[in-house]
Amino acid sequence: MMERRRMDAALMVLLLGHLAAALEVPLDLLEGLPQPPTITHQSPKDYIIDPRENIIIHCEAKGKPHPSFSWTRNGTHFDVDEDPHVTLRPHSGTLVVDISRAKADQYESVYQCTARNKHGTAVSNNIVVRQSRSPLWSKEKIKPIVVQEGVSLVLPCQPPAGLPPPIIFWMDNYFQRLPQSNRVSQSLNGDLYFSNVLQEDSRNDYICYARFPYTQTIQQKQPISVKVLSLDAINDTMAAFYNDTDLFSDDPADERKPTLLVPSGPSSSKIVLRGQVLEMECIAEGLPTPDISWTKVSGELPAKRTHFLHYQRTLRIVNVSESDAGDYRCTAKNKMGSVHHNIHIMVKAAPYWISGAPRNLVLAPGENGVLTCRASGTPKPSISWAMNGIPIENSPKDPSRKVEDDTIIFTDVQIGSSAVYQCNISNTYGYLLSNAFVNVLSEPPRVLTPANKVYQVIKNHRALIDCASFGSPIPKITWFKDSRSSTLDGDPYILHDNGTLEIPVAQSHNSGKFTCVARNLLGKEENHVFLEVKEPTRILKQPEYKVVQRGRSAVFQCKVKHDPTLPPVMTWLKDDGELPDDERFEVGADSLTITDVTEMDAGVYTCIMNTTLDHDSASAELTVVEATPTPAVVIERPDSPTDLELTDQKKRSVQLTWTPGDEHNSPIQKFLIQYEDSLHHRGHWHNLTEVPGTRTTAHLKLSPYAHYTFRVLALNAVGLSHPSFPSRMFKTEPAAPDENPTGVEGFGTEHNNLVISWKPLTGLQSNGPGLHYRVMWRQKTVSSDWNMATVANTSKFVVTGTPTFVPYELKVQAVNDHGAAPEPAIAHGYSGEDLPVAAPENVQAMVVNSSLAEVYWDPVPSKLIRGHLKGYKVYYWRERSLHKHNPHHVEKQILTFSGNHSRGKLPGLHPYSLYSFYVKIYNGKGEGPASHTQQFETPEGVPGAPTSLLVTNTDLDSLTLEWSPPHVHNGRITGYTLTYQPVNNSNELGPVEELALPANETSVILSNLRHSTRYKFYLNAKTVRGAGPAISQETVTIMDEAVASRQVDIATQGWFIGLMCAIALLILILLIICFIQRNKGGKYPVKEKEDAHTDPEFQPMKDDDCTFGEYSDNEDHKPLKGSRTPSNGTVKREDSDDSLVDYGDGGDGQFNEDGSFIGQYSGKSVSRETAEGHESSEAPSPINAMNSLNSFV
């Protein structure tokens, strides 16, 4: 049993590893691939509708083939066709209920949508449709309230229960919100609480308002009158109010400790769901007004998620989690004492995903996979599975499927196992329903990233190069650069799981061509992209801080360096805003000049250099000073205009007048008039017109069917004033529309439909209620009447059953309850395209040369194209080489010729090969059928170089050459040409010998060669088209033994030994003379001459080692390789390291005193090594002389 569990665990790890690479079929990019349905859009689970509008229950899905849709209502099948008020949108599952002839509450139910095709079935959530409600306030007579100063008071609101609940607020008769404080506040249920009342609370217009958000209606409660009296006033007015008022608090109101009004009792409890908002409130009465504080008894309050509202009376915690459970305490305190209340919070949780919803699986036959539906909740939720909408226990058995609680394991799946699985997780507080399909496909790789895409990045920034791909099995991505010498899978490259190649710090050498290759078991595909690494933008000279006298000029410099291939844009800002629109500000290529500077010009100026990839900026401050200080005149913004009045009211115009405010020492330049349309766009102010500052009236042109409110702003040299108080509302009468929709277009999404679209009118353009559109269409080439349909709340209409690709005339007219707009203009469009039905005829090819052919065809007649002609595609492939009759791996290539072409060239062909090809036409829908397959042969070309050339059996005067034929023949090999020539020690070439060799030979023996000689050989192959490139090789013949012995025996000759002894005796004499002269402190004559000369190129004798001075040109004084190092094992070097002793790989060359170069082709002979013993660059010291002598013996 333990072994079985370990095996199951290992299998689970393996399958989960595969799941991480699961992918979805990109239907928008790859046509023709099957896919089970996927729900892409659906209405919310709790769907509250507006009873005044049509009911639209959304259900959209995708899949191949496109899914069909059905609905259930309250768990049973809902036959849409039998309900005249319900329609299903074309190519969609969305339900539309027309409530113009039915009541919305009749359709309050639980709906569920099903989308299915032959590969599976997906289902939506249960959508609970409920009608929003805004019931009227019950009528009641509210008596005035009289209270004693200092006591507490509660004004109840008690709004009608709506769906959803209304938003409560208190206002006065002037629609101004009533002021609230820590003494007066509104509770969560809408009641207004006074911890203690003051005489200033007396008023007769305490009005509670309820706003219902869905219907956008506001209702108000009857005003409440409150009168607050002192104790003396109560005694004086008792009789006046006794008969028809309520009297509270007979006893005097003294200072008292707090008492909690909300909540009641010492403790309470509350349940809140995870992720929701927790609101707790404590409202206390007392005198003086108590202060409220909050603590968490069992821990700390979550600082980032905690908010205190209503003057600490409400504690709100957003995004509640399980950690927020526990006891909370609110404390009310004043100087008389305190009181507290404990609230116990329990956190429950509707089901929620732990690691996300199940992901779709695309598997190849024989692969494994896992669907995981992992969620949590409080209480713990239950999990159930279904396949294609049927409980999995009732579904057909599948040996490749195994269900284990929240996981389904698939092993060795096969074609036909595609399905959609539903995972339902539920508890008391909610449920999660998720669809995930298993799609079994067998597809070769396809690279989805556009070919030849250019990526640009700034140097030293991160570069990301994409290689999006699709295939089943999932393709493996490899990257190459330029020559494709090796894969890019190590430093500095990072390969991500999705195929993206990352260069963390891009450099200039990273620019170039990148190739990504996607491979799986079924094939491979590659794509080429390009990376361009650009130089960063840098500001070389920044603007500097300036102090300028008033009336002078200020100049800021900003010199920038940027990549020359990126177009730059220079921008100047003042105080992080745009420069003033003033001709005194002159922007140059790299400067900003401000003439006649004023105090208003003071501030911070910023230059910003932007390119398409990066930017740089720098700032400097300008300070303006007075040359001779004078008293400054204070100027400010003008005061707001007042006393707005509307006169001369007409259907589409009104006269507005106002009184200007104080100018504050700066004349008003103009007035700006704004309006608010509370009918269509409440709360938003729009500019209507401007008038000069000398006028205080304006004639305003208005639109029908609008609720206008106006306000005025004044502008002087400093800026705009605050807005005036709004005018009273002016309502214009409805009228027929003045204009029709624009942007009318016609196109097809299917071969038998026509989609007519337009830009709808705005609410202000509608001119009246009941806006709808009259859509008209007819075929352009056929004399027929206009077809017409009426639609509302949409911007398109689909005509079905149309002929394929036929021109249409279109019109869209706006209509409302008061009439129609003027006759619309005619637009033009086409119905949907279909695939071409004919192939190009008379397809033939003409071979131009061995690598180029030209293909010809007759164009397809336009009536058979059935769409917009896009071009022609030539599919061609190499069947085989004519040299070898075995077929090649057929990999089709495609050349696309856009437009109406009748021929095209096929470049890059292989010589001496058999090719096949056919031609297709394509339109906006796709490709038509292929033409008959034709073939052509390419002629012979020149061959490639022989594969190898080897030298064997080298002797004194002969050797053998062996070679392999070219890898690329490009025709029949007719023979080989061998040329060779000797090369001497100075790299000079000797006479050329040439041999013609037959095609069946792969070796040749060359004789009568010179011994001890380097030869260079060239070999190339020939076809009837000529000779191909050559392969070369070099070798040296063997040295004659007699010559070698003569060169070595010279060291044993007597005359040579005598010469060496004489040289040794001379050196000994020089040592003795040097020693004697040094002890006497005398100088050599050479020394005297050197002292007499000032030539810096003559150096004196070195006293430390008793060596002669020598000529020096500051070259490196290290010995040649033929000489020996000094006895101490070191080589002395002077200031320069530019010696040419180490020239070349052999290090044996050197320069003579006349500058000529001495060297040989390569290697060292014995005589050469002997000569180098005399050419050491060291000074002739005794030690060096002995070393030179030792080099001869």
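**Exercise 1.** State which residues make the nonpolar surface patch of about 840 Å² in this predicted model, and where Leu 1071 lies.

*Solution.* Step 1: The patch is made by Leu 1065, Leu 1066, Leu 1068, Ile 1069, Leu 1071, Ile 1072, Ile 1073, Phe 1075 and Ile 1076. Patch residues have over 30% relative accessible area and no salt bridge, and nonpolar side chains (Val, Leu, Ile, Met, Phe, Trp, Tyr) are joined within 5 Å. A salt bridge is a side-chain nitrogen of Lys or Arg within 4 Å of a carboxyl oxygen of Asp or Glu.

Step 2: Leu 1071 is placed in helix α5 (residues 1054–1080); a helix is a DSSP run of H or I with at least four residues, and a strand a run of E with at least two.

Step 3: Leu 1071 has a relative accessible area of 32%, so it is partly exposed (buried is under 20%, exposed over 50%, partly exposed in between, with a 1.4 Å probe).

Residues are numbered from 1 along each chain. Local features need pLDDT of at least 70, and side-chain atom pairs count only at pLDDT 80 or more.

**Exercise 2.** Describe the disulfide of Cys 157 and Cys 208.

*Solution.* Step 1: The structure holds six disulfides, each a pair of cysteine sulfur atoms within 2.5 Å. One of them joins Cys 157 to Cys 208, with an S to S distance of 1.9 Å.

Step 2: Cys 157 sits in the loop between β13 (153–155) and β14 (167–171), and Cys 208 in strand β17 (residues 203–212), 51 residues apart.

Step 3: The S-S torsion is about -70°, so this disulfide is left-handed.

Step 4: Cys 157 is buried at 0% relative accessibility, and Cys 208 is buried at 0%.

Terms used: Side-chain values use heavy atoms; hydrogens and water are left out. Patches are made of residues with over 30% relative accessible area and no salt bridge: like charges are joined within 9 Å, nonpolar side chains (Val, Leu, Ile, Met, Phe, Trp, Tyr) within 5 Å. Accessible areas come from the Shrake-Rupley method with a 1.4 Å probe; for residues, only the protein chains shown count as cover.
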